[in-house]
Amino acid sequence: MYLDRLDDLDQKILTLLTRNARYSYSEIGDRIGLSRVAVKSRIDALEKKGIIEEYTTIINPQKISGAVSCYFEIETTPAALDAVIDRLYQSDTVTQIYRMSGSCCLHVHAVAASQDELERFIREEIDRLEGAVSVKTHIILARIKDVKGLRL
């Protein structure tokens, strides 16, 4: 299992936080039998170790009128890979970039406010990526299952 190196209490804390990161230290403590101070101490240690990276709000772009979600499969020449990553990283439209196994392949998620914005992004950014060997574009039609982070 993912959490074998953590004790039972840390595992329980992480399980609760992945369900709802807004639980207070007191609520977590009540559920696992620790004081608020002990829970805070453990969470601070998990953050310091980098096990907990951040707390965030996840917005569903499909619930916003006109928003378009898509992903790109981009293959580059080896020499161009870092420059392509840097250019995509700077774009506000790009939400995630993954380096994939295989020959210099990137999996890139993007969310545009409208079809027109997506078209502009493709024309001005994707189509101009120097060193791109191939690009496949996929529009996301429906979110069926979307798990965020590690499921415990």
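What is the handedness of the crossing of H1 and H2? In this predicted model, residues are numbered from 1 along each chain as its sequence is written, local features need pLDDT of at least 70 and side-chain atom pairs count only at pLDDT 80 or more, whereas totals for chains, interfaces and linings use all residues. Side-chain values use heavy atoms, with hydrogens and water left out.

The crossing of H1 and H2 is right-handed, a term applied when the near helix is turned clockwise from the far one by less than a right angle. The axes of helix H1 (residues 8–19) and helix H2 (residues 25–32), helices being DSSP runs of H or I with at least four residues, come within 10 Å and cross at roughly 125°, where axes are lines fitted to C-alpha atoms over the stretch in contact and angles run from 0 to 180 degrees between N-to-C directions. Leu9, Lys12, Ile13, Leu16 and Leu17 in H1 meet Ile28, Arg31 and Ile32 in H2, with contact taken as heavy atoms within 4.5 Å. The residues of this contact comprise 6 nonpolar, no polar and 2 charged.

An open sheet is formed by 4 antiparallel strands in the order S2-S3-S1-S4, strands being DSSP runs of E with at least two residues and pairing requiring at least two bridges. Strand S2 (94–100) and strand S4 (132–139) each have a single partner strand, so one side of each is left without a neighbour in the sheet. Strand S1 (residues 68–76) is joined to S4 by 7 bridges, and Thr76 has Ala132 in S4 as its bridge partner. Helix H5 (residues 115–124) packs on the sheet, its direction making about 10° with that of S1.

Technical notes:
Ala, Val, Leu, Ile, Met, Phe, Trp, Tyr, Cys and Pro count as nonpolar, Asp, Glu, Lys and Arg as charged, and the others, Gly among them, as polar.
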